[in-house]
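Hello,

Here is the structure we spoke about. Please open it first, then read the notes below.

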Amino acid sequence: DPRVETGRVLYAEYCALCHGDNGEGYKADAANALANPQFLALASDSFLSSSIVKGRPGTPMSPWGTAYGGPLGDEEVAALVALMRSWQTSESIDTSQIAVAPGEAMRGQAVYNVYCSECHGDEGKGGEYQSISNPEFLAAVDDGYLKHSIVNGRSGTPMPGFGNQLTGQ
(Lines give C-alpha, C1' and ligand atoms only; values in the text may rest on other atoms or scores of the structure.)
Protein backbone atom coordinates (compact mmCIF):
# COMPACT_ATOMS: atom_id res chain seq x y z
CA ASP A 1 0.00 0.00 0.00
CA PRO A 2 1.66 3.26 -1.11
CA ARG A 3 -0.22 5.14 1.62
CA VAL A 4 1.82 3.28 4.24
CA GLU A 5 5.06 4.50 2.69
CA THR A 6 3.73 8.07 2.56
CA GLY A 7 2.64 7.62 6.16
CA ARG A 8 6.17 6.57 7.17
CA VAL A 9 7.62 9.76 5.75
CA LEU A 10 4.98 11.94 7.40
CA TYR A 11 5.26 10.07 10.69
CA ALA A 12 9.03 10.56 10.80
CA GLU A 13 8.55 14.29 10.24
CA TYR A 14 5.58 15.03 12.48
CA CYS A 15 5.03 12.22 15.00
CA ALA A 16 8.19 10.31 15.88
CA LEU A 17 9.64 12.99 18.13
CA CYS A 18 6.94 12.37 20.75
CA HIS A 19 5.50 8.95 19.85
CA GLY A 20 8.83 7.24 19.03
CA ASP A 21 10.32 6.08 15.75
CA ASN A 22 8.10 2.99 15.63
CA GLY A 23 5.09 4.18 17.61
CA GLU A 24 6.46 2.82 20.90
CA GLY A 25 5.44 6.02 22.70
CA TYR A 26 6.62 8.00 25.68
CA LYS A 27 9.56 9.70 23.94
CA ALA A 28 8.34 13.19 24.83
CA ASP A 29 5.35 14.78 26.55
CA ALA A 30 3.97 11.39 27.70
CA ALA A 31 2.78 10.74 24.13
CA ASN A 32 1.03 7.36 24.08
CA ALA A 33 2.22 4.22 22.31
CA LEU A 34 0.50 4.30 18.94
CA ALA A 35 1.76 0.83 18.00
CA ASN A 36 0.38 -0.76 21.17
CA PRO A 37 -1.68 -3.77 20.04
CA GLN A 38 -4.47 -3.14 22.55
CA PHE A 39 -4.72 0.53 21.58
CA LEU A 40 -4.89 -0.26 17.87
CA ALA A 41 -7.51 -2.96 18.41
CA LEU A 42 -9.76 -0.44 20.18
CA ALA A 43 -9.07 2.71 18.16
CA SER A 44 -11.30 3.13 15.11
CA ASP A 45 -10.00 4.83 11.98
CA SER A 46 -12.20 7.83 12.77
CA PHE A 47 -10.73 8.00 16.29
CA LEU A 48 -7.18 7.97 14.87
CA SER A 49 -8.03 10.54 12.16
CA SER A 50 -9.81 12.84 14.58
CA SER A 51 -6.90 12.64 17.01
CA ILE A 52 -4.46 13.68 14.30
CA VAL A 53 -6.68 16.39 12.81
CA LYS A 54 -7.91 17.97 16.05
CA GLY A 55 -5.10 17.09 18.44
CA ARG A 56 -5.82 17.25 22.15
CA PRO A 57 -6.40 20.85 23.23
CA GLY A 58 -4.73 21.64 26.53
CA THR A 59 -2.04 19.02 25.96
CA PRO A 60 1.18 19.02 23.91
CA MET A 61 -0.68 17.14 21.12
CA SER A 62 -1.40 19.96 18.70
CA PRO A 63 -3.88 19.72 15.83
CA TRP A 64 -2.25 18.63 12.58
CA GLY A 65 -5.22 18.94 10.23
CA THR A 66 -5.40 21.89 7.86
CA ALA A 67 -8.89 22.76 9.15
CA TYR A 68 -7.28 23.44 12.54
CA GLY A 69 -4.22 25.28 11.26
CA GLY A 70 -1.97 22.25 10.82
CA PRO A 71 -0.05 21.13 7.72
CA LEU A 72 -1.86 17.83 6.97
CA GLY A 73 -4.68 17.37 4.51
CA ASP A 74 -7.15 14.48 4.41
CA GLU A 75 -4.93 12.25 2.22
CA GLU A 76 -1.93 12.77 4.49
CA VAL A 77 -4.02 11.97 7.58
CA ALA A 78 -5.30 8.83 5.83
CA ALA A 79 -1.68 7.84 5.08
CA LEU A 80 -0.77 8.17 8.77
CA VAL A 81 -3.78 6.04 9.74
CA ALA A 82 -2.73 3.43 7.12
CA LEU A 83 0.74 3.35 8.67
CA MET A 84 -0.70 2.83 12.15
CA ARG A 85 -2.96 0.06 10.83
CA SER A 86 0.14 -1.63 9.36
CA TRP A 87 1.38 -1.93 12.97
CA GLN A 88 -1.82 -3.63 14.12
CA THR A 89 -1.30 -7.26 15.13
CA SER A 90 -4.66 -8.19 16.65
CA GLU A 91 -8.23 -8.04 15.44
CA SER A 92 -10.18 -4.82 15.88
CA ILE A 93 -12.76 -4.69 18.68
CA ASP A 94 -16.14 -3.08 18.13
CA THR A 95 -16.36 -1.13 21.38
CA SER A 96 -19.99 -0.19 20.71
CA GLN A 97 -20.86 -3.84 21.42
CA ILE A 98 -19.28 -3.87 24.90
CA ALA A 99 -21.96 -3.84 27.59
CA VAL A 100 -21.47 -1.10 30.17
CA ALA A 101 -23.40 -1.06 33.45
CA PRO A 102 -24.96 2.27 34.43
CA GLY A 103 -22.83 4.06 36.98
CA GLU A 104 -22.97 6.88 39.45
CA ALA A 105 -20.37 9.64 39.22
CA MET A 106 -20.04 10.07 43.00
CA ARG A 107 -19.22 6.39 43.47
CA GLY A 108 -16.95 6.45 40.45
CA GLN A 109 -14.98 9.38 41.85
CA ALA A 110 -14.03 7.41 44.97
CA VAL A 111 -12.87 4.46 42.84
CA TYR A 112 -11.00 6.81 40.50
CA ASN A 113 -9.20 8.40 43.45
CA VAL A 114 -7.93 5.01 44.60
CA TYR A 115 -7.01 3.40 41.26
CA CYS A 116 -6.49 6.10 38.65
CA SER A 117 -5.55 9.54 39.95
CA GLU A 118 -1.94 8.67 40.68
CA CYS A 119 -1.20 8.27 36.96
CA HIS A 120 -3.97 10.29 35.28
CA GLY A 121 -4.20 13.22 37.73
CA ASP A 122 -6.89 14.26 40.17
CA GLU A 123 -9.37 15.27 37.48
CA GLY A 124 -8.12 13.10 34.62
CA LYS A 125 -5.46 15.60 33.61
CA GLY A 126 -2.14 16.79 34.87
CA GLY A 127 -0.95 13.27 35.67
CA GLU A 128 2.12 11.65 34.24
CA TYR A 129 0.13 9.67 31.67
CA GLN A 130 -2.67 10.27 29.18
CA SER A 131 -5.19 12.97 29.93
CA ILE A 132 -8.48 11.09 30.10
CA SER A 133 -10.71 14.09 30.72
CA ASN A 134 -9.81 15.84 27.49
CA PRO A 135 -13.03 16.81 25.66
CA GLU A 136 -11.66 15.78 22.23
CA PHE A 137 -10.65 12.37 23.59
CA LEU A 138 -13.99 11.83 25.33
CA ALA A 139 -15.91 12.88 22.20
CA ALA A 140 -13.95 10.36 20.12
CA VAL A 141 -14.41 7.28 22.33
CA ASP A 142 -17.46 5.47 23.64
CA ASP A 143 -18.10 3.88 27.03
CA GLY A 144 -17.10 0.46 25.67
CA TYR A 145 -13.65 1.81 24.75
CA LEU A 146 -13.22 3.19 28.27
CA LYS A 147 -14.49 0.01 29.94
CA HIS A 148 -12.25 -2.25 27.86
CA SER A 149 -9.23 -0.07 28.66
CA ILE A 150 -9.97 -0.12 32.40
CA VAL A 151 -10.70 -3.85 32.57
CA ASN A 152 -7.79 -4.99 30.38
CA GLY A 153 -5.19 -2.23 30.76
CA ARG A 154 -2.51 -1.76 28.10
CA SER A 155 0.32 -4.28 27.94
CA GLY A 156 3.74 -2.73 27.54
CA THR A 157 2.62 0.41 29.38
CA PRO A 158 2.18 1.28 33.06
CA MET A 159 -1.61 0.85 32.66
CA PRO A 160 -2.65 -2.34 34.47
CA GLY A 161 -5.97 -4.05 33.95
CA PHE A 162 -8.43 -3.69 36.81
CA GLY A 163 -10.88 -6.38 35.71
CA ASN A 164 -10.08 -8.57 38.71
CA GLN A 165 -10.35 -5.69 41.19
CA LEU A 166 -13.44 -3.77 40.07
CA THR A 167 -17.02 -4.84 39.53
CA GLY A 168 -18.92 -3.95 36.40
CA GLN A 169 -20.77 -1.30 38.34
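His120 is buried, because its relative accessible area is 12%, under the 20% cut-off. Bear in mind that this is a predicted model. His120 sits in helix H7, residues 117-120. Which residues does His120 touch, leaving out those up to four places away in sequence? They are Tyr112, Lys125, Gly126, Gly127, Tyr129, Gln130, Ile132 and Met159.

**Aromatic pairs**

The count of aromatic pairs comes to seven. One of them joins Phe47 and Tyr145. The ring centres are 5.5 Å apart, and the planes make an angle of 35°. That pair is tilted, because its angle falls between the 30 and 60 degree limits.

The pair links distant parts of the chain. Phe47 belongs to helix H4 (residues 45-54). Tyr145 belongs to helix H9 (residues 143-152). They are 98 residues apart.

**Second largest pocket**

The second largest pocket has a volume of about 760 Å³. Its lining is made up of 37 residues. Nearest its centre lie Ala31, Asn32, Arg56, Thr59 and Met61. Helix H1 (2-14), helix H2 (16-19), H4 and helix H5 (74-86) are the elements that give two or more residues to this lining. H4 gives the largest share, four residues. H4 is also the helix that holds Phe47.

What is the make-up of the lining by class? It has 21 nonpolar, twelve polar and four charged residues.

**Ser155**

Ser155 lies in the segment after H9, the helix that holds Tyr145. Leaving aside neighbours within four places in sequence, Ser155 is in contact with Asn36 and Gln38. Ser155 and Ala82 are 73 residues apart along the chain, and their C-alpha atoms are separated by 22 Å.

That is the set for now.

Best wishes

Note on methods:
Residues are numbered from 1 along each chain as its sequence is written. This is a predicted model: local features need pLDDT of at least 70, side-chain atom pairs count only at pLDDT 80 or more; totals for chains, interfaces and linings use all residues. Side-chain values use heavy atoms; hydrogens and water are left out. Rings of Phe, Tyr and Trp (its six-membered ring) pair if their centres lie within 6.5 Å; planes under 30 degrees apart count as stacked, over 60 as edge-to-face and the rest as tilted. On a 1 Å grid over the protein atoms alone, a cavity is a set of points where a 1.4 Å probe fits but cannot get out, and a pocket is an open set with protein on both sides within 12 Å along at least five of seven lines; lining residues have an atom within 4 Å of a point. Grid points are joined across faces, edges and corners, and a volume is the space filled by probe spheres set on the points. Ala, Val, Leu, Ile, Met, Phe, Trp, Tyr, Cys and Pro count as nonpolar, Asp, Glu, Lys and Arg as charged, and the others, Gly among them, as polar. Contact means heavy atoms within 4.5 Å. Buried means under 20% relative accessible area, exposed over 50%, partly exposed in between (1.4 Å probe, protein chains only).
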